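Hello,

Here is the structure I said I would pass on. My notes on the interfaces follow below it.

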Amino acid sequence: MRYRGIVIGSLVVVLLLVCSFAVLAQEKFGLKDIPEIKNKKPINMIVETGAAWDKVIEYIKQFETATGVKVNIERVASPVVYSKENVELMAGTGYYDVVYVETSWTCEWSDYLWDLEELAAQYDPKGVEGFREDIHNISPVLLRCGQAYGKQMVLPFYTYHMGMFIREDVYNDPTEQAAFKAKYGYDLKPPTTYKELYDQAEFFTRKKGDLLKGKTLDHDLYGVAMMAGAYQINDEITSWIWGMGGDYATVVKNPDGTIKEFVITKKDKDILKQALTQYKALLKFAPAGCLTANFDFACAQQGEGFAIIQPHQFASLFTWTADLLKQKVPDGRLGIYPTVGGQPYTGAWSLGVAKATKNPEAAYWLVRYIASYDCQKVLMKEGGQFSARMDLLLDPEFHSPEVEYPLGIVCSYLVDIWQKQAPYVDNYWYFNTRAGGKVYEMQMNVLHKPMAEEVTIDECVEELVAKTIELTSKFDTVPIREE
Amino acid sequence: MQTEALSEVQVESTVARKPAIWETLTSEKYFKWTLLIPLLIVLAIFMVYPLLYCAYYSFHQWGMRGEAIYIGAQNYRQLLNDKAFLEALYRTLKVLVICVSCELLIGLGLALLWSREFPGENIVRGLALLPLLVAPLILSLLWNFMFEFDFGAVNLVLQALGLNKVYWWSPERALYTICFITIWQWFPFSTFVLVAGLRSLPRDVFEAAKVDGASPWYTFRRLTLPMLSPLIMIIVVLRTMWLIRLFDPLYGTTRGGVQTELLDWIVYRTAFVYFDIGYGSTMAIFSLVLTIAVCAVMFKILMRALEGAR
């Protein structure tokens, strides 16, 4: 009996020790892990305006207190970020020590940014391994988007990976299901092909006075809400062409993995033409305002109960749209699915360290800190953005019954789609060219034109090809040609 | 003796003493330069240098990376064959004509009404100034929401009146919607300039015309309008300069889409979005030359009008 007590006591102690080690082993990188920073020169960074950063800025102050390095933050609207930073980077002023990067600019700015692993080797007591150990929790898709020619130039902190939002309550309604099957001959389910998407957009486009779920509509209803304005249409078209196995240009690699050339193949052009044709056809089931619409308009249409499907929307906007829908249509419920073809537009806002920085040490640790689990949790819980970290998205806190809808299902969607899309990202043209930022901006304008009847689809493809070649030739060293 | 000698020395020193710098700067000969030089320095740094810089790069191909490559007049040749640029130029001229005419007509009409005394005139005038006080970008964002097809206040009012909704941002209407926003913001400018002009006109001439039995229309045509013509020309010159550079109403609404891309937007897109500094500089130089040419013509007309008014 006496020994039994000792044995049980010992077992408890061993168990506690094992648990403690397990906890320690799982402990994430955080503020306490930042070693003493010798260089105390203040650092500058630019961040977007918006609620997300309002919260993170408070945590950056903790970084300042812990390290003794002052962080000067300049806040600007997101469309201005690129032009402001680009000038300083190109001129090598080092004005911005920490650089705010949209992932399609990574290659373009790679000559002006530090390879983060080089900085890790220099400043991290755990070296490159410590850095890799922490970042392996970040989405593989987004990490790859933040690489340039195999080097990790930036760390993503929140994602705008796209998805398809549908009115799940309508899709699950027996009346609608029966009516759809009777008309189209197959079951009503989230579309996975263009034909299904077209059929469903057509099916749900109704006039005021028609029925939806057996109730009379007091407003017109649109099958789809889209963003055909000259601002985000290219993100939608990108999802479309990636889903069809195309791209704006095909990346041709040498046997050693380096890039040989970019070719705008006949297949790329055909797919683009087809995507534009299908997109335009779908517009007749969308609200008239779509021609000047951005994300806020499209989400508002669905949130107000005016549209059933958003074929391509930034997943980070799901919770906002769902909350709006709950207010306007109390029994309404949204679902999020992969876009048609299963390869939605991807990317993230990320942070890197400028080569011309006067304090690479502090800039590196600030980037690591903002990408850390703790800081990302703040960004997600208090700032309402979706983290790039999978370990955070899978945190049980975001999957409790109270928050599973709408928050948890987006987290699950993102982790799932990242795993499925990871094999393709390496070949996406945006993330292999130094002209990505310029071409991206050009596409907004050119891809919008056929939707506004300014040019035909053939003329649009012709202009897009010509301008892609022109800009890539000017801003990239990799040769580009048209097949 | 000592006193006399000293005074001689003093006199000599007074004669030989060089004037202090301050005295030179404030002397009649140099004072105008003292006042002008700081301004000229500022102008040289912030106007002449960027202009020369812009002119230099308009003959080069440069994307802010590496050395600029001299390409002669290739950018200018490209400009003259650039369909998008020529369309933007055409649209800008269209906007210019529409906005200047409407602002002048509305401004003149309201000025004639408001130049008289009426109860609550200060409140009305104060309210009419409001559009000018709001930042153009904020205003364009507000109008963007107000003209929205499904949720916009304008269409909701139309529906409440039993009318059909209008798609204000359709490719056919969008440019006119942009014109409307611009006119709405800027009509108070012409109104108040003309109100000030009307109030400063000599009363005796009008009284004489009245005594002679001139009709109001005749008085307006033969007296008011000619006397106001210098002010009208000033409004036209200033608004022309500002309208060639119209940008903000596009930023908050169409972002150059739905066939609304104007000259300044295409310059911005080329120079600060693509960072094609060479070609963007060419466009900017063209825009500047156009503004100078149009304003020079207007200025000549203004001078003639002033002569006529005297």
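Domain 1 and domain 2 of chain B bury about 400 Å² between them, and carbon and sulfur atoms account for 77% of that area. On the domain 1 side, B:Leu51, B:Cys54 and B:Tyr57 lose the most area to domain 2 of chain B, together 84% of what that side buries. The side of domain 1 of chain B that touches domain 2 has four nonpolar residues, with no polar and no charged ones. Please keep in mind that this is a predicted model.

The two domains of chain B are domain 1 (20-57) and domain 2 (74-309). Four residues of domain 1 of chain B and seven residues of domain 2 of chain B make up the contact. The C-alpha centres of these two domains of chain B lie 34 Å apart.

As for chain B as a whole, its secondary structure comes to 14 helices and two strands. The radius of gyration of chain B is 28 Å, whereas a compact globule of 310 residues would have one near 19 Å. Along the principal axes, the C-alpha atoms of chain B fill a box of roughly 110 × 75 × 35 Å.

Next, the domains of chain A. Both are assigned in two segments: domain 1 is 32-161 + 346-393, and domain 2 is 163-344 + 416-483. Their C-alpha centres are separated by 29 Å. In chain A, 30 residues of domain 1 are in contact with 25 residues of domain 2. The area buried between domain 1 and domain 2 of chain A is about 2300 Å², with 59% from carbon and sulfur atoms.

Between the domains of chain A there are three salt bridges. A:Glu108 forms a salt bridge with A:Lys438, where the closest N and O atoms are 2.4 Å apart. The rule also finds eleven residue pairs in polar contact across the interface of domain 1 and domain 2 of chain A (both at pLDDT 80 or more). On the domain 1 side of chain A, α3, α6 (140-145) and α16 (390-393) each supply at least two residues; α6(A) gives the most, with five residues. By class, that side of domain 1 of chain A divides into 14 nonpolar, 13 polar and three charged residues.

Last, the interface between the chains. Chain A and chain B bury about 2900 Å² between them, 56% of it on carbon and sulfur atoms. Chain A contributes 36 residues to the contact and chain B contributes 28 residues. Across the interface of chain A and chain B the rule finds two salt bridges. The side chains of B:Asp276 and A:Lys474 meet in a salt bridge at 2.3 Å, N to O. Eight residue pairs are in polar contact across the interface of chain A and chain B (both at pLDDT 80 or more).

Four helices of chain A, α3 (78-91), α12 (295-303), α18 (436-448) and α19 (457-475), each supply at least two residues of the side that touches chain B. Which helix gives the largest share of the side of chain A that touches chain B? That is α3(A), with seven residues. The side of chain A that touches chain B divides into 19 nonpolar, seven polar and ten charged residues.

Regards

Note on methods:
Residues numbered from 1 in each chain as written. Chains lettered and ligands numbered in written order. Predicted model: local features only at pLDDT ≥ 70, side-chain atom pairs only at ≥ 80, totals over all residues. Heavy atoms only, no water. Domains from an automatic or database assignment. Contact = heavy atoms within 4.5 Å. Buried area = accessible area lost by both parts, 1.4 Å probe. Nonpolar A, V, L, I, M, F, W, Y, C, P; charged D, E, K, R; others polar. Rg over C-alpha atoms; globule rule 2.2 N^0.38 Å. Salt bridge = Lys/Arg side-chain N within 4 Å of Asp/Glu carboxyl O. Polar contact = N/O pair within 3.5 Å; in protein donor to acceptor, adjacent residues only side chain to side chain.
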